[in-house]
Amino acid sequence: MIQRLGVKSLFREQIKAILTWQYTHFSSLNHGKDDIYEIALRFRLLRQEGYRVPADVFEYFNEKGKGFVMKLEGNIKGMMELYEASQMSTEGEDILDEAEFFSNKCLNALLTCDLDNEQARMIESTLQYPYRKSFARLLAPQSFVNDMPSTNSWMEDLLEVANRKRRIDQYVHQKEIHQINKWWKELGLGEKMEFARDQPLKWYMWSMAILTDPSLSELRVELSKPISLVYIIDDIFDVHGTVDELILFTELIKRWDNACAEQLPEYMKICFKVLNDIANDFGRIIFEKHGWNPTRFLKHMWANLCNAFLVEFQWNASGKLPKADDYLKNAIITSGVPLVLTHLFFLMGQNIANQSIDSKKEEVQLPNIIFLIAEILRLWDDLGCAQDENQNGYDGSYVDCYLGENQGSSYQSAREHVMKLISKLWKLLNKECLSPCPSSAPFLEACVNAAKMVSLMYNYEDKRGLGLLQDHMKSLTCDHETI
């Protein structure tokens, strides 16, 4: 309940102590129990925090050759929690795949029964927005409050805590939005590059979703800056730049030579100056905080991004679709996720000074989770509209490439293929988060938050989820309602 109400940051030590005890006594707590709700909830909460608890705890409910026992079917609360727990699966955990299939089937069957409106809403929310993979229910905490028994004596106190914290968070976010708007206005890119998207609030939404702890205010503001430039450079390549200009611009970013900038058109000179300032500012901030300066590596990441954008542009200009795998490999980079999360990786001071950075080559071994999230984003985005509602460019689609390679396949079969890929990626992501893990818990939490935000931001068919996101952002600029 504390997690769902968004007040986890106030109780981190208490939650850690409770879950450590639960983990230590995991086997004895589950032994002989037939309460699927309790067992599934304990399993999910521990897995979410990186505890490597075994999935065979669900074998008790699984009859060999028959699957999950049918007596669980009418247990709405238990089925919802079993479905939630199944979202924590990793590759090879067949029991959790069976749990997902069984609970999904049961919950959908229940929706055809004579349920009251509240029960139906609870089931629909669970199926559409599982806690592990979506922010939607966090954006509407009232819906979860309605799911909880009103007999809990602590409910009123906890709601008061949540409401006070939300008012404080609102104030903090309003200050951050003011800082971002001020920075963006002073840059003047919105006026000087009229063809590009001018959406500082949208760019800030990513930082706000990724970094939920109120104490990370400075990081949210700083992270919004490279996010904004990813969108701007994307528009330069998709919407405005000529072939010759884009080649020159990419070469400039690769060399990072100010003298070469004189050959560029004015709007590209301005963009390069902003990019240079951001890279140097990040290097300074990270050096002051953590004792090393990754500026050269960050510039290398920007060069990789521009080069990938150029490859994408050349594919589209040729009129020939690349192979789906080749497209996806390049599109992981053009998603901007590796670049943005690399900035965050350094900002959060990951323990890499002596381990991952070669003192001579200044190379960095980035966590694999970064690239998994990039692939999830690209696939979700490509499932939706090929065109952003606010720009006219087209930058390719994995679905188009897949259909080009698989003649005769339908759009529906391509969509099902992509959803299977996304499901597999989430399993790999879940495994990356299990202990022992070289990355810190705060960085992993930020990465998971980024992945959760993807399905909300890029699922163009989910009008309800997008509406919740818009309402949430509006609430940051007006008086906040209580839960």
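This is a predicted model: local features need pLDDT of at least 70, side-chain atom pairs count only at pLDDT 80 or more; totals for chains, interfaces and linings use all residues.

Me: How many helices and strands does the chain have?

Reply: The chain has 22 helices and two strands. Of its 483 residues, 55% count as buried. Among contacts in the chain with a separation of 6 or more, 71% are accounted for by residues 24 or more positions apart.

Me: Which residues touch the most other members of the largest nonpolar core?

Reply: That core has 104 residues, and Trp206, Ile233, Ile236, Trp302, Leu344 and Leu429 touch the most other members. A second, separate core has 33 residues, including Ile15, Ile76, Met80 and Tyr83.

Me: How many residues of helix 17 are buried?

Reply: Helix 17, residues 337-347, is mostly covered, with 11 of its 11 residues buried. Helix 17 is followed by Gly349, which has a positive phi near 65°.

Me: How is a pair of packed helices described?

Reply: Two packed helices are described by the angle between their axes and the distance between the axes. In this model, the axes of helix 12 (residues 217-240) and helix 13 (residues 243-255) come within 9 Å and cross at roughly 145°.

Me: Which residues of helix 12 and helix 13 meet?

Reply: From helix 12, Ile233, Ile236 and Phe237 meet Leu246, Phe249 and Thr250 of helix 13. By class, this contact of helix 12 with helix 13 has five nonpolar residues, one polar residue and no charged residues. Ile233 and Ile236 were named above as well, being among the residues that touch the most other members of the largest nonpolar core.

Me: I would now like to read a single residue. Why does Leu379 count as buried?

Reply: Leu379 counts as buried because its relative accessibility is 1%, and the cut-off for buried is under 20%. Leu379 lies in helix 18, residues 368-383. Leaving aside neighbours within four places in sequence, Leu379 is in contact with Leu328, Tyr398, Val418, Leu421, Ile422 and Leu425. The C-alpha atoms of Leu379 and Arg415 are separated by 9.7 Å, although these residues are 36 residues apart along the chain.

Me: Is Trp203 buried or exposed?

Reply: Trp203 counts as buried, at 2% relative accessibility. Trp203 lies in helix 11, residues 200-210. Not counting residues up to four places away in sequence, Trp203 touches Trp184, Arg197, Asp198, Ser224, Ile227, Ser228, Tyr231 and Ile232. Trp203 and Val230 are 27 residues apart in sequence and 9.7 Å apart in space, C-alpha to C-alpha.

Me: How does Thr20 count by relative accessibility?

Reply: At 34% relative accessibility, Thr20 counts as partly exposed. Thr20 lies in helix 1, residues 12-24. Its C-alpha atom is separated by 8.7 Å from that of Tyr51, 31 residues apart along the chain.

Me: How does one find empty space inside a model?

Reply: Rolling a probe the size of a water molecule over the atoms shows where empty space is left. This structure holds one cavity of 30 Å³ or more, and about 40 Å³ of space lies in the largest cavity.

Me: Which residues line the largest cavity?

Reply: The lining consists of Ser86, Gln87, Ser89, Glu100, Lys133, Ser423, Trp426, Lys427 and Asn430. These residues divide into one nonpolar, five polar and three charged. Helix 20, residues 411-432, gives the most to this lining, with four residues.

Definitions and conventions: Residues are numbered from 1 along each chain as its sequence is written. Side-chain values use heavy atoms; hydrogens and water are left out. On a 1 Å grid over the protein atoms alone, a cavity is a set of points where a 1.4 Å probe fits but cannot get out, and a pocket is an open set with protein on both sides within 12 Å along at least five of seven lines; lining residues have an atom within 4 Å of a point. Grid points are joined across faces, edges and corners, and a volume is the space filled by probe spheres set on the points. Ala, Val, Leu, Ile, Met, Phe, Trp, Tyr, Cys and Pro count as nonpolar, Asp, Glu, Lys and Arg as charged, and the others, Gly among them, as polar. A nonpolar core is a set of buried Ala, Val, Leu, Ile, Met, Phe, Trp, Tyr and Cys residues joined through side-chain atoms within 4.5 Å. Buried means under 20% relative accessible area, exposed over 50%, partly exposed in between (1.4 Å probe, protein chains only). Axes are lines fitted to C-alpha atoms, for helices over the stretch in contact, and angles run from 0 to 180 degrees between N-to-C directions. Contact means heavy atoms within 4.5 Å.
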